[in-house]
Amino acid sequence: MKFSHYVRVGAVCSVIGMQTLLSGCSQVVKGGAMIALSFSEKNIVPPILKLDDAPMACASGEAMTPLILATEGMGADPAKMAVIMYVSAGLCAEERALEHELRYLRASRANNIEDAQDARIAQKRWAAIAARRQQEAYRRFVERYEKEFNFKIGGTCPALKEDFDKLIYLVGMASGMQAVVNDIAAQGIVGVPKDGAAVVERGMACLDNAEYWGVPMATRAAVWSLLPGASEGKPDPFTVIDSYHTWISGQGKARYIVTLLARKITAEQLAEVSRIVADNGLNIDGLNRLSGRVPLEDENAGLGKACVEFSVRG
């Protein structure tokens, strides 16, 4: 009896010991996964975003998405990184869909019916793949952000402090819009809800348009042009999109700083500098006063120093 009692006690102790050991191992694995995700956010995402090679960026998304998702099975939450990776992978599918669409147009013009049909089928298939990837990015973004920041997407604006969180918000919202557009191109194969575009339109209003390269307003304008009645009471969507393209095209132009220094700067002097800038085909992006304000009633105002800086491009 005593022997069997000791056996039972030993078995119980062994089970408890194994559970403790395995629990400790799982925490170590989870910690390692979280460190890997943090490393990816800080050291892998920035170089990808800096790439001016879209195929390279999308290829990295296709290659790394399974690796990032693997951390989910280790107890980590890869939602934010998954948004970036799924969107990057979606670029590949969009590019292939575009290539087949162009092939379809060439074949149609050449009256090559069979090739045109093949190209159209391939175009829809790749558009559907792009929509699935973008919809998955949007789904993970919504689930993570609504839980972490305690708000409703498209209803209120979250209090985002970190730049990375703001970037994921922008990319996640844009992916929702892209998913709708590509699903339409695929003739609704994926079944992306169309009302998601209206949610994206409201959510994009939370971001500063100038800070994020005009993308928020351009995305909202795309929704206005896509959904019937969505543009009511809004600016003309095509004018907004054209202004966005103009702004983007100007980003590659050279920038210059023009500094105006005088005892006292007058409106006539500012107008003359503006005229010279315009005569040389340049545009004024900004105007900053670098000197302090001088009271109008100050008798010694003419003895001071005034400085104004023009930021010009062209």
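This is a predicted model: local features need pLDDT of at least 70, side-chain atom pairs count only at pLDDT 80 or more; totals for chains, interfaces and linings use all residues.
**Figure 1. Glutamine 123 sits in helix H5.** Helices here are DSSP runs of H or I with at least four residues, strands are runs of E with at least two, and both are numbered from the N terminus. Glutamine 123 has a relative accessible area of 5%, so it counts as buried (under 20%; exposed is over 50%, and partly exposed lies in between, with a 1.4 Å probe and protein chains only). Set aside the neighbours within four places in sequence, and glutamine 123 is in contact with Ala97, His100, Glu101 and Ala185; contact means heavy atoms within 4.5 Å.

**Figure 2. Helices H4 and H5, packed together.** H4 spans residues 79-109 and H5 covers residues 113-149; their axes are 7 Å apart, at an angle of about 160 degrees. That angle makes the two helices roughly antiparallel. For the geometry, axes are lines fitted to C-alpha atoms, for helices over the stretch in contact, and angles run from 0 to 180 degrees between N-to-C directions. Angles under 35 degrees count as roughly parallel, over 145 as roughly antiparallel, 65 to 115 as roughly perpendicular and the rest as oblique. H4 passes H5 in a left-handed crossing, meaning that the near helix is turned anticlockwise from the far one by less than a right angle (clockwise would be right-handed). Sorted by class, the contact of H4 with H5 has 21 nonpolar, five polar and 13 charged residues. The classes go like this: Ala, Val, Leu, Ile, Met, Phe, Trp, Tyr, Cys and Pro are nonpolar, Asp, Glu, Lys and Arg are charged, and the others, Gly among them, are polar. As for confidence, H5 has the highest mean in the protein, 95.

**Figure 3. Two asparagines in loops on either side of H5.** Asparagine 111 belongs to the loop between H4 and H5, and asparagine 150 to the loop between H5 and H6. Phi of asparagine 111 is near 60 degrees, a positive value in a residue other than glycine. Asparagine 150 also has a positive phi, near 55 degrees. Asparagine 111 is exposed because its relative accessibility is 59%; asparagine 150 is exposed too, with a relative accessible area of 70%.

**Figure 4. Isoleucine 168 in helix H6.** H6 runs over residues 163-185. Isoleucine 168 has a relative accessible area of 0%, so it is buried. Not counting residues up to four places away in sequence, isoleucine 168 touches Lys80, Val83, Ile84, Phe141 and Tyr145. Look for lysine 80 in this view: its C-alpha atom is 6.5 Å from that of isoleucine 168, although the two residues are 88 apart along the chain.

**Figure 5. Helix H6 against helix H8.** The axes of H6 and H8 come within 11 Å and cross at roughly 25 degrees, so the pair is roughly parallel. H6 passes H8 in a left-handed crossing. Leu170, Met177, Val180, Val181 and Ile184 in H6 meet Val215, Pro216, Thr219, Ala222, Val223 and Leu226 in H8. That contact of H6 with H8 has 10 nonpolar residues, one polar residue and no charged ones.

**Figure 6. Helix H7, mostly covered.** Seven of the 10 residues in H7 are buried: Gly196, Ala197, Val199, Val200, Glu201, Gly203 and Met204. These buried residues pack against H5, H6 and H8. With H8 (residues 215-226), H7 (residues 195-204) packs at an angle of about 150 degrees, the axes being 9 Å apart. The two are therefore roughly antiparallel, and H7 passes H8 in a left-handed crossing. From H7, Ala197, Ala198, Val200, Glu201 and Met204 meet Pro216, Thr219, Arg220, Val223 and Trp224 of H8. By class, that makes seven nonpolar, one polar and two charged residues in the contact of H7 with H8.

Figure 7. Of the 314 residues, 34% are buried. Among contacts between residues at least 6 apart in sequence, 66% join residues at least 24 apart. The average pLDDT is 81, and 80% of the residues score at least 70. Confidence is lowest in helix H1 (residues 2-43), at a mean of 62.

Methods: Residues are numbered from 1 along each chain as its sequence is written. Side-chain values use heavy atoms; hydrogens and water are left out. pLDDT is the predictor's confidence in each residue, from 0 to 100.
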